Amino acid sequence: MARRKETKKSSQDLAEAEILADGDLDASQPERSPAVADLPLLPLRDMVVFPYMVVPLFVGREKSIAALDKSLDSNKEIVLAAQRQAKTNDPAPADIFDTGTVASVIQLLRLPDGTVKVLVEGRRRVHITDYLDDSTMHLVRVSDAEEEQEPSLEVEALVRQIKATFESYVKLNKRIPPELLVSVQSIDEPGRLADTIVGQLTLKLADKQEILETLSANKRIERILELMQAEIEILQMERKIRTRVKKQMEKTQKEYYLNEQMHAIQKELGERDEFKADIMDLEERIRSKMMSEEATERMDKELKKLKLMSPMSAEATVVRNYIEWVLALPWMEVTEDKSDIAEAEAILEADHYGLRKPKERILEYLAVQQLVGTLKGPILCFVGPPGVGKTSLGRSVARATDRKFVRLSLGGVRDEAEIRGHRRTYIGAMPGKVIQALKRATSSNPVILLDEIDKLSHDFRGDPASALLEVLDPEQNHAFNDHYLDLDYDLSKVLFITTANNLHSIPPALQDRMEIIELPSYTEWEKLAIANQYLVPKQRTANGLDDVKMELTEGALRLLINNYTKEAGVRNLEREISSIARKIAKKVIDQGAKGKKAAYRVTARNVPGFLGPIKFRSSRREDKNQVGLASGLAVTNHGGEMLVTEVSILPGKGKLVLTGSLGDVMQESAHAAMSYVRSRVESFGLAMDFYQKVDVHVHFPEGAIPKDGPSAGITMATGLVSALLRVPVRSDLAMTGEITLRGRVLPVGGVKEKLLAAHRAGVTKVLIPRENEKDLSDIPKRVLNVLSVELMDHMDQVLRLALKLDEPEKFLAQPSEALDWRLATLAAKEEGDGREPVRH
């Protein structure tokens, strides 16, 4: 009847230890104490001990051990009562149930860790009537609980019923030894039978305590029958579940075994059977794949063709690869676009500083899609110099819309098949880059970035730019036909983004299909903000300096921007910041623990100590007004630049010399400026034949750098007039604009970059064409507050403002008759008198 105790071990309970026996105590039965007695109390955790129940207990609490010692000194009797809460380490009388069991101590073993293992046997029920004062142990006064037993036919029936039910319970519960059933069958006393059986049931503490407190044997048996029936139902359900799981496992193992046997047999029979299995697999995938009706019909046709082929034939491999490619494409799989525009805007702002226009366009797309439901993907083209964030912005668009992102580099692509795929008649044929990108994206509505679209090439194999016309046309790409697939694939859900450094190398037809969004070069303030918000924190983390005090002052960052980098974007700026961070990291390692606590402050003064001498000289205006020296403005791949024009007049025979690696457009502008000056000789007070006696040399410094563009016309004309008239040009003034033979000033591009360059150079006044007035809205207000921008219509206005004249308002005040004078001269020569007309 011994039953192992299941107990929760608290901090005071012992861990398992090797038992060291002090010797068996006298196991003889003690004499029964009187009906009312004072006995020591042992509170129990999560268990109830019934009469006639032998159970081992592990005792660790000081009061409980003292109670055991007290019982050994008297008659070896101790009261066992359950605690209401097992977690209570020092229970008060209110924490202990009032009904318990008097038990006799059979054996006691003291363990090395100070705890005690004791074997007890329950004797009788008692009621705790009072707790006696004793600080060392729980000492209680108890009275015997008289059991109620009335022999009757009902009791006999209950005894038989509980024995039969317990037999069923033992058969289901393998944890109860079968020999216990024999001893239970030999018990005829109802109360003892009930107490013996309840000790073997897995019941809650409350149910066991309820049975202990029930004095009527009949009621105890009825309650135990009720609880035992519920346990039997649970055990039957557990057996049913185990049986079902076992059968399932046996079935799975059987199928696995048979499949392995089948594979082995197929391998022995030859590859034909493996080929059949592959065909069955393809057939199943075709049935389960959601595709267009055209694609499903084509797959069925190709599969029938494959079934008739030999598995060793080359054509079977081609057909098999074709089917695999079609099944791998995401025909109907789409990802759900982000509906929270505020969250999308937060993602775009977190990833990139500035870039207002492209961000607004993406948010507009999301807003319209949210209203309409379905919307064809726009074709956006980000145009700007290197390093301004075109590619990374495309990746941020994918994050903001919660779409998959795929990047395709088109630089150097010269074969049309790279876009539209190869026809299957060729060996090694594959789909084009667009279809391959969709396979990698695993969805039919990704963001596909076509990088460097302006660097496409073409040769005898075709023109990939022309092949892109169908891909990037929203009216056609819903039925894009790849040469390899030879099936219509819907690209209208794809959000295409292209990038380019300039537009002039993109065919006009391709430009017409894209929405052009220009990303200008970053201003100095934008670079400063990007460095503080993105680049410096990024490099701190990348170089392991998160726990090191490192600071780059504004002066240091401005020095890096202006004198150590020369770019439109921030790539080189990030490299220079990374270089400083690496050198600080080396200092930290060299100085050990002291280096991690030190503070590193990078200022404009100590930047050369990290990076060496400055690499680039900032463009600055001239300090003095000089003759023949005019300041122009130009746009390069690095942003805006000051472009100084030098003009010298030398004795000669009328040659116009142009130096400084000028392109064809600038050379033509120089000739147009010279023609304008010659047409105004009378207004300038020059001799009609002045150009025949002198050579004019126009030079642009930094001759190793090629220069071209249509915006230096008025600058060269101003330099020519200054050199011929010996009138200095204002050094605090810069200009940009093209000139015509009649002196009109034509609009130019890159006004924002040019004005920023003038601001950096210390210029206070800038002359621009009047038609460029619309571009002033893109200029930062802090620049316009410093610069005085004058709008020009004619070259005469430019000269009045640019030359250092005593009376500029009178210069060229009267309309010139130079052109009429030249015509009259030519007419006189044709008459043969050889004389020039008289000037009035």
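Visitor: Which residue meets Lys774 in a salt bridge between side chains?
Guide: This is a predicted model, so every value here is computed from it. Side chains of opposite charge can pair when their charged atoms come close. For Lys774 the N to O distance is 3.6 Å, and the partner in the salt bridge is Asp775.

Visitor: Does Lys774 count as buried or exposed, and at what relative accessibility?
Guide: A residue counts as exposed when its relative accessible area is over 50%. Lys774 passes that cut-off and so counts as exposed, at a relative accessibility of 59%.

Visitor: How many salt bridges does a search of the whole structure find?
Guide: The pair of Lys774 and Asp775 is one example of a salt bridge. Asp207, Glu210, Arg223 and Glu226 are also joined by such bridges, in a network. For the whole structure, the number of salt bridges found is 42.

Visitor: How many residues apart in sequence are the parts that Glu576 and Lys615 tie together?
Guide: The side chains of Glu576 and Lys615 form a salt bridge, with 2.8 Å from N to O. Glu576 belongs to helix α19 (residues 571-591), while Lys615 sits in the loop between α21 (607-611) and β16 (626-627), so the pair ties together parts whose separation in sequence is 39 residues.

Visitor: Is Glu576 buried or exposed?
Guide: The cut-off for a buried residue is under 20% relative accessible area. Lys615 has a value of 47% and is therefore partly exposed. Glu576 has a relative accessibility of 11%, so Glu576 counts as buried.

Visitor: What is the relative accessibility of Asp793?
Guide: Values between the cut-offs for buried, under 20%, and exposed, over 50%, count as partly exposed. Arg770, at 37%, is partly exposed. Asp793 also counts as partly exposed, and its relative accessibility is 38%.

Visitor: What accessible area do Met237, Ile241, Val245 and Met249 have together?
Guide: Met237 lies in helix α6, which covers residues 217-269. With a relative accessible area of 46%, Met237 is partly exposed. Met237, Ile241, Val245 and Met249 form a nonpolar patch on the surface, and their area together is about 360 Å².

Visitor: How far apart in space are Gly432 and Ala417, C-alpha to C-alpha?
Guide: Gly432 is in the loop between α13 (417-420) and α14 (433-441). Its relative accessible area is 0%, so Gly432 is buried. Leaving aside neighbours within four places in sequence, the contacts of Gly432 include Ala417, Ile419 and Asp482. Gly432 and Ala417 are 15 residues apart in sequence, while their C-alpha to C-alpha distance is 6.2 Å.

Visitor: Near what value is the phi of Asp402?
Guide: Most residues other than glycine have a negative phi. Asp402 is in the loop between α12 (390-401) and β8 (405-409), and at 45% relative accessibility it counts as partly exposed. The phi of Asp402 is positive, near 60°.

Visitor: Where is the place of Thr442?
Guide: Thr442 is a residue other than glycine with a positive phi, near 60°. Its relative accessible area is 47%, so Thr442 is partly exposed. Thr442 is found in the loop between α14 and β9 (447-451).

Visitor: What percentage of the 840 residues of the protein chain count as buried?
Guide: The secondary structure of the chain comes to 28 helices and 26 strands. Its accessible surface is about 43700 Å², with 51% belonging to carbon and sulfur atoms. Of the 840 residues, the share that counts as buried is 47%.

Terms used
Residues are numbered from 1 along each chain as its sequence is written. This is a predicted model: local features need pLDDT of at least 70, side-chain atom pairs count only at pLDDT 80 or more; totals for chains, interfaces and linings use all residues. Side-chain values use heavy atoms; hydrogens and water are left out. Patches are made of residues with over 30% relative accessible area and no salt bridge: like charges are joined within 9 Å, nonpolar side chains (Val, Leu, Ile, Met, Phe, Trp, Tyr) within 5 Å. Accessible areas come from the Shrake-Rupley method with a 1.4 Å probe; for residues, only the protein chains shown count as cover. A salt bridge is a side-chain nitrogen of Lys or Arg within 4 Å of a carboxyl oxygen of Asp or Glu. Helices (H or I, at least four residues) and strands (E, at least two) are DSSP runs, numbered from the N terminus. Buried means under 20% relative accessible area, exposed over 50%, partly exposed in between (1.4 Å probe, protein chains only). Contact means heavy atoms within 4.5 Å.
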